[in-house]
Amino acid sequence: MEMTQRRNELINKLIVHNVYKIGERQLFELSLEELEEEFRSIKKECHPHTESGSIHWVNVAKATF
């Protein structure tokens, strides 16, 4: 995954968790490593069945053999 794409994905995930700033810095000002670290810490605290942490099944056609 491209670095810019990964940064945007992490920023969007943090926003879902109502994180818009870390300290005095906006999310877009943070490095990829800082975003990864913040997301890991949020993920540890997140209940697995919340909207952002739950499993979502996708309809997939069964393969025929």
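Start with everything shown: of the contacts (heavy atoms within 4.5 Å) with a separation of 6 or more, 45% are between residues 24 or more positions apart. The model is predicted, so local features need pLDDT of at least 70 and side-chain atom pairs count only at pLDDT 80 or more, while totals for chains, interfaces and linings use all residues. Numbering runs from 1 along each chain as its sequence is written, and side-chain values use heavy atoms, with hydrogens and water left out.

Now colour by secondary structure. You'll find two helices and two strands, in the order α-β-β-α along the sequence. These are DSSP runs numbered from the N terminus: helices are H or I, at least four residues, and strands are E, at least two.

Next, select residues 3–16, helix α1. Which residues of α1 are buried? They are Arg6, Arg7, Leu10, Ile11 and Leu14, where buried means under 20% relative accessible area with a 1.4 Å probe, protein chains only. Look down the axis of α1: its buried residues fall within an arc of 135° (taken from the directions from the helix axis to the C-beta atoms), so they line one face of the helix. What do they pack against? The buried residues of α1 pack against α2.

Technical notes
Axes fitted to C-alpha atoms, helices over the stretch in contact; angles between N-to-C directions. Buried < 20%, exposed > 50% of the residue type's maximum accessible area, 1.4 Å probe, protein only.
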